[in-house]
Amino acid sequence: MNLDLQLDLPATLIEANPMLDLAAKTGIMLLAGLLAFFLTRTLLLRGARAFSHRTRNGFDDFLLETGFFSRAALLAPALVFFWGLEFLSGLKGVLDRLVFAYLAVSVVLILATLLDALSNLYSTFEVSSRRPIKGYVQLVKLFIYMLGAVSVVAILLGESPWGLLSGIGAMTAVLMLVFRDTLLSLVAGIQISANDLLHTGDWIEMPAMNADGTVIDIALNTVKVQNWDMTVTAIPTFKFLDTPFKNWESMTKSGGRRIKRAIMIDQSSIRFADRELKMRLMTVQHLAPFIAMRQKEIDAANTASGADPASPLNGRRMTNVGLFRRYALEYLRCHPKIRQDMTLLVRQLQPHADDGLPLEIYCFTSETAWALHEDIQSDIMDHLLAALPEFGLRAYQRNALVDGRSAI
């Protein structure tokens, strides 16, 4: 008998004290909700993993990676809480609001995770590099978070969400100030996508932001660029509307990368080509047909004009720099790594009194990768610089130890 009294004593105390009774029921309800969450999450995860192994569709894999099923399990405690409210009739009005607020937060989290999974799925398609949607996904998530926050506040206050939204309308100026960069970035993202200006993987150069490298991420507020020194520059998206930048992607797609380099020739080494020089250059395969053809043209022109051969200034003559320019052109035309279907020329630029005569090499390599392109460019310049003495020419060097004019 005494034992029965001892067992019934805690129950009697709880029933006699409403606060203890409320705390006990609340604790049981929370514990039941927690158990429902873990049980539901375990079942969902096991079922999802088993299902994903049997399907080729990668969407269920992305749902698992983003934690969608763990978030979906948050709905199970809500059902337990709704059932438990029947035993807490004294606080049913307040607890109803709390449970609905919890349900609203759970739905927001589930939708955000679902958007992440959809974004990851979209990134597996080839079109994602040309039409990134990460910025739009972030905008939709921001909109969902704002609606969720308004809904939670409206539920807790017992007001209509539309009433709160109308009140927020009065704070438009403040919101415009707070979200100024976000709105500008949204407009910039739309412009970038509509005009096809930027994609993930593009090589861009923006000197104003010290960015020169590959685009690795395009988000709502920032565009991340991994520079060639492996640093990462985060550029506000709206900067692409008012800051000049260069996108090298079209160069990569064209299959040709430009060489635009000049050899500075010492003007004091330029002279008419004498018979000895022409005979020596006739052994050069790239140049022999041109010399023979040009000599016939010059002889015919000089004969027709009656030019006196006593002076090289009379009539037409070949020059060593002209022959070198032609040799450089023929050399590029025979080079296996130079695109023959793109602009190819060797030209003289405006001479500078202090820097010699610039002879510019303008062509396109068939290799667009940086290292390969630089290797080809260096090989071409090495060869042409080494060929200068064969034409009696010298590369110009300011403050050279040997005065070129004294050698003439």
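In what order do the five strands of the open sheet lie, and with what pairing? The order is β4-β3-β2-β1-β5, with antiparallel pairing. The edge strands are β4 and β5 (246–247), and each pairs on one side only. Two strands count as paired if DSSP finds at least two bridges between them. Strands (E, at least two residues) and helices (H or I, at least four) are DSSP runs, numbered from the N terminus.

This is a predicted model, in which local features need pLDDT of at least 70, side-chain atom pairs count only at pLDDT 80 or more, and totals for chains, interfaces and linings use all residues. Residues are numbered from 1 along each chain as its sequence is written, and side-chain values use heavy atoms, with hydrogens and water left out.

## The sheet

Strand β3 covers residues 222–227. Five bridges join β3 to β2 (residues 211–218), and the two run antiparallel. They form a hairpin with three residues between them. Ile218 has Val223 of β3 as its bridge partner. Thr214 stands opposite Gln226 in β3.

Val223 has Ile235 of β4 as its bridge partner. This hairpin has four residues between its strands.

Which residues make up the covered face of β3? They are Val223, Val225 and Asn227. The uncovered face holds Thr222, Lys224 and Gln226.

## Two positive phi values

Most residues other than glycine have a negative phi. Asn210 has a positive phi, near 55°. Its place is in the loop between β1 (203–206) and β2. Met230 also has a positive phi, near 75°. Met230 lies in the loop between β3 and β4. Asn210 is exposed, at 64% relative accessible area. Met230 is exposed too, at 58%.

## Accessibility of selected residues

Buried means under 20% relative accessible area, exposed means over 50%, and partly exposed lies in between (1.4 Å probe, protein chains only).

| Residue | Relative accessible area | Class |
|---|---|---|
| Cys334 | 48% | partly exposed |
| Cys363 | 0% | buried |
| Phe37 | 15% | buried |
| Phe38 | 39% | partly exposed |
| Phe324 | 0% | buried |
| Val284 | 23% | partly exposed |

## The cavity

How many cavities of 30 Å³ or more does a search of the whole structure find? It finds one. A cavity is a set of points on a 1 Å grid over the protein atoms alone, where a 1.4 Å probe fits but cannot get out; lining residues have an atom within 4 Å of a point. Grid points are joined across faces, edges and corners, and a volume is the space filled by probe spheres set on the points. About 160 Å³ of space lies in the largest cavity.

The lining has 15 residues. Pro132, Gly135, Tyr136, Gly189 and Ile218 lie nearest the centre. Ile218 is also the residue of the sheet that bridges to Val223 in β3. Helices α7 (134–157) and α10 (180–194) each supply at least two lining residues. α10 gives the most, with six.

By class, the lining has nine nonpolar, five polar and one charged residues. Here Ala, Val, Leu, Ile, Met, Phe, Trp, Tyr, Cys and Pro count as nonpolar, Asp, Glu, Lys and Arg as charged, and the others, Gly among them, as polar.

## Aromatic pairs and cysteines

The structure holds 10 aromatic pairs. In the Phe37 and Phe38 pair, ring centres are 5.3 Å apart and planes meet at 65°, so the pair is edge-to-face. Rings of Phe, Tyr and Trp (its six-membered ring) pair if their centres lie within 6.5 Å; planes under 30 degrees apart count as stacked, over 60 as edge-to-face and the rest as tilted. Trp203, Trp228, Trp248 and Trp370 form one aromatic cluster.

A search of the whole structure finds zero disulfides. The criterion is a pair of cysteine sulfur atoms within 2.5 Å.

## Contacts across the sequence

Phe324 sits in helix α15 (residues 320–333). Phe324 and Leu384 are 60 residues apart along the chain, and their C-alpha atoms are separated by 8.8 Å. Val284 is in the loop between α13 (275–281) and α14 (288–305). Val284 and Tyr327 are 43 residues apart in sequence and 8.9 Å apart in space, C-alpha to C-alpha.

Definitions and conventions: On a 1 Å grid over the protein atoms alone, a cavity is a set of points where a 1.4 Å probe fits but cannot get out, and a pocket is an open set with protein on both sides within 12 Å along at least five of seven lines; lining residues have an atom within 4 Å of a point.
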